[in-house]
Amino acid sequence: MGYRQAAVLTSVSFFLGVLFICLNVDYRVLFTPPSERVVRDGIEFYTTFYNSPPAIKALLHSIMGVGLLGLVGKLHKWDDSAMFFDGSSLAAYIFGLAVYLTVGIPACRTVVDPVPGVDSAEDRVEALRVLSAGNTIIIVLLGGVLALQAGEQWARRLESKILQETSEEQKKTDATATAGAAADAESKKDK
């Protein structure tokens, strides 16, 4: 495992950790009967998350960039493994970023800072549900990236094992052929 794969695994694991923390609220919003307490907890959680200091937001976004750069760097190798595993991982990662940018941020903004006279209480609840669903989709996508990276490592190890076995068989065949040729030369010499 190299630095590029470490960058991918670190960023994906970090964001899965952040999203699993959000899942404590998202699960109740999505999968339990709606109640005033669930909505209030969701709004308070995402208000705290949205109003975090700029340094935390910069950290989150820079780690997103590290993951993206790691995947692009791994794809730069451009062999069969890179095209399948890293290309699919890059597609899933970019789709996750697109969900975050197009669903997560606007929905969070609607939940935390509704436009007066435009966004009603029902709009805030609906935005909270959309935000929770978007986070769940991102969890699935990042899990897919981890599964693809694990599959790539498994395939590489399997390939090196097969190449090693083939190399050992080739050496045995060459040794047998050399011994057979030496025996034939010796028998011709005796005649």
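Helix H1 (3-31), helix H2 (36-50), helix H3 (54-75), H4 and helix H5 (121-190) each give at least two residues to the lining of the largest pocket. Helices here are DSSP runs of H or I with at least four residues, numbered from the N terminus. This is a predicted model, where local features need pLDDT of at least 70 and side-chain atom pairs count only at pLDDT 80 or more, while totals for chains, interfaces and linings use all residues. Residues are numbered from 1 along each chain as its sequence is written, and side-chain values use heavy atoms, with hydrogens and water left out.

**Pockets**

- The largest pocket has a volume of about 580 Å³.
- Phe49, Leu60, Met64, Tyr100 and Ile105 are the closest to its centre, out of 25 lining residues.
- A pocket is an open set of points on a 1 Å grid over the protein atoms alone, where a 1.4 Å probe fits, with protein on both sides within 12 Å along at least five of seven lines; lining residues have an atom within 4 Å of a point.
- A volume is the space filled by probe spheres set on the points.
- H4 supplies the largest share of the lining of the largest pocket, eight residues.
- That lining of the largest pocket holds 18 nonpolar, five polar and two charged residues.
- Nonpolar covers Ala, Val, Leu, Ile, Met, Phe, Trp, Tyr, Cys and Pro; charged covers Asp, Glu, Lys and Arg; the others, Gly among them, are polar.
- The second largest pocket holds about 230 Å³ of space.
- Its lining has 13 residues, with Gly2, Arg4, Lys74, Lys77 and Arg156 nearest the centre of the second largest pocket.
- H1, H3 and H5 each give two or more residues to the lining of the second largest pocket.
- The lining of the second largest pocket divides into two nonpolar, five polar and six charged residues.

**Nonpolar core**

- The largest nonpolar core has 21 residues, and Val12, Phe15, Tyr93, Leu142 and Val145 have the most contacts inside it.
- Such a core is a set of buried Ala, Val, Leu, Ile, Met, Phe, Trp, Tyr and Cys residues joined through side-chain atoms within 4.5 Å.
- H1 supplies the largest share of this core, six residues.

**Serine 89**

- Serine 89 sits in helix H4 (residues 80-112).
- Serine 89 is buried, at a relative accessible area of 0%; buried means under 20% with a 1.4 Å probe, protein chains only.
- Its side chain makes a polar contact with the side chain of glutamine 149 (2.9 Å).
- A polar contact is a pair of N or O atoms within 3.5 Å; within protein, one must be able to donate a hydrogen and the other to accept it.

Technical notes. Buried means under 20% relative accessible area, exposed over 50%, partly exposed in between (1.4 Å probe, protein chains only).
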